[in-house]
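Let's explore a protein together, one question at a time. Have a look at the model below before we start.

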Amino acid sequence: MTTRARSRVRIELVFMLFVISAIAFLDRTNISVAGVQMRAEYAIDQIRLGWVFSAFLIGYAAFQVPAGWLAARYGPRKLLTFALIWWGVFSVATALVPPQAQGAVLMLAMVRFALGIGEAAVYPAGNQFLSRWIPVQERGKANGLIFAGVGAGSGLTPPLITAIIAGGGWRMSFYVCAAIGLIAALIWFFSARDLPQEHRRVSEAELAHIEGGLPPIVQGSAGPIPWRAIFASRNVWGLFLSYFAFGYVIWIFFSWFFIYLAEARGLDLKSSALFGMAPFLAMTVGCLTGGVLNDAISRRFGLYAGRSGLAMAAFVLTGIFLLVGSRVDNVPLAVLTLALGGGAIYLSQSSFWSVTADIAGRHTGVVSGLMNVGCQIGGAITSSLTPWIAAEYGWAAAFGTGAVIVLVGTLAWAAVDPNRMIVATRTPERDDGLSGLAAPVVQ
């Protein structure tokens, strides 16, 4: 460990988490583009394709909390490496399900369920990493960068998967995604460490900077998980319910937006791929912008304004854009307005994951995993419910339902106070504008 100027290893590893986040969403949303061809080959309708989408999210939701526990027990380095290999295996398996087989749809659902199990590790493990490596005052920007990978991966999906399908068929798209994940697994394993103290490239200046910005509760062994305090926490349930609303809305984009453009707006494959990028590019910008605003507002006005206040404003904007965009007749204007809805909701993304690190300390992986269950339940419901609403009442009603749910989620955010830690502890007063972060809990 060198003693010279402050190194920036933590930033390099956060960027690697951004890449892994992008790969995760490339792997999970490629089926929404390939689904147009898969529906024809497997002779299934949108409803049954929705079941396949939901199977992924059920597996993903079911293993959020176990993934958080594994991240705390074995460390984010090993867990994410194993998870990336797992994704590769089941991405390939998706392409190998024979269309002529009896129960082919059930087999597809089982494979996607298994893929969801593996991908459940990515964000609990990433947040466990942040709780150990990233000072409180930098968490908004760090989470903004990591979750910008969601928009980047999802935005890359339509043109990349469309090009691969045009050249090699829909199965080739799953093989390519698997190969990308395996390369990332190798890079992460050899570049990451679970603790900054273990990384030989971390200078003493960087280590002092990291340790000086972590609450004392983060430092030391994890100890037993305080399940009773977690499930009694108003913060945890506020995050769970608001992330449910978040998940319901974003999975309209991830599961159905490409198909919505092709079938409801009448765009061809190439045009759908081009317009389909818009919401995900907006999400990327929203994530990065939200991370910067999160830290800046928190520093000036306190954590509640920077985390919860920003998220509430983002939710309200999202509801407005969804209601307006779904009723616009002009296709480019409709896509732009709906894309702004996707970008607006991602202004809140860094707030979710920063708050879990703020309130959970050493148990960040478990609490963030529990929160993420809410998101995936919302996603699983919308993956199957959205095509039904669209078929019965039209796509405007489908997006309108999302708008109502996200506006209700605003109320859940109002109950979340990042200054209340789950485990009662006091930290010394801070001079960086973030004092009171670990105030005694009364929930």
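Q: In which helix is the place of Ala-396?
A: This is a predicted model, where local features need pLDDT of at least 70, side-chain atom pairs count only at pLDDT 80 or more, and totals for chains, interfaces and linings use all residues. Residues are numbered from 1 along each chain as its sequence is written, and side-chain values use heavy atoms, with hydrogens and water left out. Helices (H or I, at least four residues) and strands (E, at least two) are DSSP runs numbered from the N terminus. Ala-396 sits within residues 395-414, which form helix H18.

Q: Is Ala-396 buried, partly exposed or exposed?
A: Buried means under 20% relative accessible area, exposed means over 50%, and partly exposed is in between (1.4 Å probe, protein chains only). Ala-396 has a relative accessible area of 25%, so Ala-396 is partly exposed.

Q: Which residues is Ala-396 in contact with, leaving aside its neighbours within four places in sequence?
A: Contact means heavy atoms within 4.5 Å. With those sequence neighbours set aside, the partners of Ala-396 are Ser-326 and Arg-327.

Q: Why does Ser-350 count as buried?
A: Ser-350 has its place in helix H16, residues 349-360. Leaving aside neighbours within four places in sequence, Ser-350 is in contact with several residues, including Gly-140, Gly-290 and Asn-294. Ser-350 counts as buried because its relative accessibility is 1%.

Q: What is the length of the polar contact that joins the side chains of Ser-350 and Asn-294?
A: A polar contact is a pair of N or O atoms within 3.5 Å; within protein, one must be able to donate a hydrogen and the other to accept it, and residues adjacent in sequence count only if both atoms are side-chain atoms. For the side chains of Ser-350 and Asn-294, the value is 3.1 Å.

Q: Which residues does Ala-83 contact, leaving aside its neighbours within four places in sequence?
A: Ala-83 lies in helix H4. With a relative accessible area of 3%, Ala-83 is buried. Beyond those sequence neighbours, Ala-83 is in contact with Gly-118 and Ala-121.

Q: How far apart in space are Ala-83 and Val-416, C-alpha to C-alpha?
A: Along the sequence, Ala-83 and Val-416 are 333 residues apart. In space, their C-alpha atoms are separated by 31 Å.

Q: Is Leu-186 buried or exposed?
A: Leu-186 has its place in helix H8, residues 170-191. Its relative accessible area is 53%, so Leu-186 is exposed.

Q: What is the phi of Ala-43 near?
A: Ala-43 lies in the loop between helix H1 (9-42) and helix H2 (46-62). Ala-43 is exposed, with a relative accessible area of 56%. Its phi is a positive value in a residue other than glycine, near 55 degrees.

Q: What kind of aromatic pair do Trp-388 and Tyr-393 form?
A: Rings of Phe, Tyr and Trp (its six-membered ring) pair if their centres lie within 6.5 Å; planes under 30 degrees apart count as stacked, over 60 as edge-to-face and the rest as tilted. The structure holds 37 aromatic pairs. For Trp-388 and Tyr-393, the centres are 5.9 Å apart and the planes make 75 degrees, and the pair is edge-to-face.

Q: Is Tyr-393 buried, partly exposed or exposed?
A: Trp-388, at 41% relative accessibility, counts as partly exposed. Tyr-393 has a relative accessibility of 59%, so Tyr-393 counts as exposed.
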